[in-house]
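The sequence and the structure are shown first, and the commentary follows.

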Amino acid sequence: MDFQPKDRPSDAFQQPLTADQIELLCRRALGSTARSAAEIGWGGYNNTYRVELPEGPAILRVAPEPARQSRIEHQFMRNEYLAAPYFAPISPLMPRTLAADFTHQVIGRDYVLQGVLPGQPGPEVLSSCAPEARTPYFHRLGEITRAIHEVRGPGFGVVAGPHYANWSEALIAYFEDNAADVEDIGLDATDLRAVAAWARRDAGLLDEITEPRLLHGDLWHVNVMLTPELEIVGVIDHDRSWWGDPAADWTIHMASAKPGEREAFWDTYGQPDTSSAARRRALYYRARHLGAVRLERHRLGKEGRMEESYSELAEVLAALESE
């Protein structure tokens, strides 16, 4: 088999597979022999390979070993698998699951094989496109996000569970788990615990959100496939999907982050709530994103960027205290 792995340090978070392991996984899951496998450099969590099989290409995604998974990133691949049926409104854009194996009987890691989507990764296409030409892309992204957010769920929290009766309970549990994860890697989590304490005080405000809606969790440029004309032909990586307030989704956070070209998103999604209650809830949602980013940047060795999360969270706490 022609095998093209990524060159990674021995202590890298993403531990690569061998050619023999990939061959074994393909044979076990599909009864197929891999003719070639090339590791794709997208993302910083799973190991992803494009494998060429006799019946055509497929994407092999392999989760980290359980011991490497944090509390807020626990069994992400299983969460994505279980959440897939809820994304039915955009199912033509989603990769088809060919096989999934969570038994750990082969390599001690979860893995899935998926169909190959058309198009090119969003960042590759958008980088060569002038900002003023991106309006159709943001219009379509707004439509897709709205379709996802219209899906109602059984409770608040990660799609795979546990579920909480109240939105505040789900957020407080998340902040506490996030803080414990940060402390596990030897970092200070005082700010995250302070946010959790504020969330307890603001439980009534948070619990004004009474209907759990589907959140993709990571929908932005890096997780779409585009044509050269900026048509969205694929949406990937919903492993962070949650039931919660649509305003808490990563897409809403990113669309709100900068003025200019992103304003087109709101034309099709609908205008955001700008009430004082919504603005205060948005502080908790920003804290949630910053806590997750802190772990991710540490995992990827971006220590300088990781330190930024402390000053940014300090701004959130200051805002919570001043309002």
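## A partly exposed loop residue

Ala-133 is partly exposed, with a relative accessible area of 37%. Buried here means under 20% relative accessible area, exposed means over 50%, and partly exposed lies in between, with a 1.4 Å probe and protein chains only. Ala-133 belongs to the loop between helix 3 and helix 4; helices (H or I, at least four residues) and strands (E, at least two) are DSSP runs, numbered from the N terminus. Between the C-alpha atoms of Ala-133 and Pro-212, which are 79 residues apart along the chain, the separation is 35 Å.

The model is predicted, so local features need pLDDT of at least 70 and side-chain atom pairs count only at pLDDT 80 or more, while totals for chains, interfaces and linings use all residues. Residues are numbered from 1 along each chain as its sequence is written, and side-chain values use heavy atoms, with hydrogens and water left out.

## Helix 5 and its surroundings

Helix 5 covers residues 167-184, 18 residues in total, and reaches 26 Å from its first C-alpha to its last. That span is close to the 26 Å expected at 1.5 Å a residue, where the expected span is 1.5 Å times one less than the number of residues.

Gly-186 follows helix 5 and has a positive phi, near 85°. In the loop between strand 8 (157-158) and helix 5 lies Pro-162, which is joined to Gly-161 by a cis peptide bond with omega about 5°.

## Salt bridges

The count of salt bridges comes to 25, a salt bridge being a side-chain nitrogen of Lys or Arg within 4 Å of a carboxyl oxygen of Asp or Glu. One of them pairs Glu-261 with Arg-134 at 3.0 Å, N to O. This pair links distant parts of the chain, 127 residues apart: Glu-261 is in the loop between helix 8 (250-257) and helix 9 (263-269), and Arg-134 is in the loop between helix 3 (122-126) and helix 4 (135-149). Glu-261 counts as partly exposed at 24% relative accessibility, whereas Arg-134 counts as buried at 14%.

A further salt bridge joins Arg-294 and Asp-191, whose closest N and O atoms are 2.7 Å apart. Arg-294 lies in helix 10 (residues 276-299) and Asp-191 in helix 6 (residues 190-201), so this pair links parts of the chain 103 residues apart. Both partners are buried: Arg-294 has a relative accessible area of 0%, and Asp-191 has one of 11%. The closest N and O atoms of Glu-315 and Arg-286 are 3.3 Å apart. Glu-315 is partly exposed at 47%, and Arg-286 is partly exposed at 25%. Elsewhere, salt bridges that share partners join Arg-146, Glu-150, Arg-152, Glu-211 and Arg-213 into one network.

## Cysteines

The structure holds zero disulfides, a disulfide being a pair of cysteine sulfur atoms within 2.5 Å. Cys-26 counts as buried at 0% relative accessibility, and Cys-129 counts as buried at 15%.

## The second largest pocket

The second largest pocket has a volume of about 600 Å³. Of its 23 lining residues, the closest to its centre are Ala-247, Ile-252, Pro-272, Asp-273 and Ala-282. On a 1 Å grid over the protein atoms alone, a pocket is an open set of points where a 1.4 Å probe fits, with protein on both sides within 12 Å along at least five of seven lines, and lining residues have an atom within 4 Å of a point. Grid points are joined across faces, edges and corners, and the volume is the space filled by probe spheres set on the points.

Helix 8, helix 9 and helix 10 are the elements that give two or more residues to this lining. Helix 10 gives the most, with eight residues. The lining divides into 12 nonpolar, five polar and six charged residues; Ala, Val, Leu, Ile, Met, Phe, Trp, Tyr, Cys and Pro count as nonpolar, Asp, Glu, Lys and Arg as charged, and the others, Gly among them, as polar.

Gln-75 has a positive phi, near 50°, in a residue other than glycine. Gln-75 is found in the loop between strand 4 (56-62) and helix 2 (76-83) and is partly exposed at 30% relative accessibility. Asp-237, likewise not a glycine, has a positive phi of about 55°. Its place is the loop between strand 11 (232-235) and strand 12 (242-244), and Asp-237 is partly exposed, with a relative accessible area of 23%.
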